[in-house]
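Have the sequence and the 3D view open while you read.

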Amino acid sequence: MDLQFLGTSSGVPTKARNVSATAVIESAGHGWYLVDCGEGTQHQLLRSPLSVRNLRALFITHVHGDHCFGLPGLLASAGMSGRSEPLPLVLPASLQAWLAQSLAVSETYLPFELQMHALETFSGFTSGNVSVTTLELSHRVPSWAFVFTERDPEPRLDTERLKADGIPAGPLWGQLARGHAALHDGVSLDPQHYLQPTRPPQRIIVCGDNDRPQLLAELAQGVDVLVHEATFTEPVVERSQNSFGHSTAAAVARFAEQAGVKNLVLTHFSARYQSAPGRGNSIEDVRQEALADYSGNLTLARDLQRYHLGRDGVLLPID
């Protein structure tokens, strides 16, 4: 699977970073999923190869505006771009009326079905080759993490089972290999019965705002990628004596090291951390604080950068 960050700032955008939005992209095909949709996300999409027509589902981690204010505009643009497929949208229940009213008062009529699901009662989701589950986190308001797990990664045909079931080689095998149901002697064949994964499934956790990384202890054991906010560094929190419900880079790094996280991606940086060093707080401060406690593959997310999780389990930027 791939990740592409459409916004990595917290609270407010900066000249270099938009507010929260993260795309999780399937390992095969063009399907992708959006976690959070801060204001301006649709503009960021125009600067990426991602298309709203291929968006399989949209997930909102919590009610704060830097994670959801881009929803009405993105949905309106999806309709105007010709999307007709239903769009599942998982979001806190309290946002449903707000979104419905925003679309109604602006006379925005979507040419596709918007399938809204309350996050508080969400029991899981499967689409394409990915399943999604949740975990509640700790923040000033209820906040969640979304866990993306591959199903049948890079599958191959189980030819022995096909032969044992008397299914002759030929076009039927081709249909099943492409993941399509096939009809044989009046019986519909489910491709999942005849496909085997060729490698362990990849698993990626994308978190909303969270001041208690340890809540992820069970889920994060050996996870391929953990995407977690690192809004502040510890000196900033010590000076203000308030974390405002967020984590520091050090706290997340210590947790990731203990949990054996293979790839840690930090995002949701306070606007005070600038790209250029030597001018007040620098994003390099965040990196160095995390490196002091984490020995795995560390990434500080950059807007519009796409990252690929390879067969070797290493997450690397794509040029």
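Which exposed residues does the face of α3 turned away from its buried side carry? They are Ser94, Ala97, Gln101, Ala104 and Val105. Here exposed means over 50% relative accessible area, buried under 20%, and partly exposed in between, with a 1.4 Å probe and protein chains only.

A word on the source: this is a predicted model, where local features need pLDDT of at least 70, side-chain atom pairs count only at pLDDT 80 or more, and totals for chains, interfaces and linings use all residues. Residues are numbered from 1 along each chain as its sequence is written, and side-chain values use heavy atoms, leaving out hydrogens and water.

Back to α3 (residues 93–105). Its buried residues are Leu95, Leu99 and Leu103. Looking down the axis of α3, the buried residues fall within an arc of 70°, so they line one face of the helix; the arc is taken from the directions from the helix axis to the C-beta atoms. Among the elements covering them are α2, β5 and β6, with contact meaning heavy atoms within 4.5 Å. After α3 comes Glu107, with a positive phi near 50°.

Now the sheet. It is open and has eight strands in the order β6-β5-β4-β3-β2-β1-β18-β19, with mixed pairing. At the edges sit β6 (114–118) and β19 (315–317), each pairing on one side only. On average, neighbouring strands are turned by 20° against each other, direction ignored. Strands here are DSSP runs of E, at least two residues, while helices are runs of H or I, at least four, all numbered from the N terminus. Two strands pair if DSSP finds at least two bridges between them.

Within it, Tyr33 has Ala57 of β4 as its bridge partner. Helix α2 packs on the sheet and touches β3, β4, β5 and β6.

These are the angles, taken from 0 to 180 degrees between N-to-C directions of lines fitted to C-alpha atoms, for helices over the stretch in contact:

| Helix | Partner | Angle |
|---|---|---|
| α2 (residues 71–80) | β5 (87–91) | about 175° |
| α8 (residues 249–259) | α9 (residues 283–291) | about 35° |

In the last pair, the axes of α8 and α9 are 8 Å apart. Ala249, Ala250 and Ala253 of α8 meet Val286, Glu289 and Ala290 of α9.
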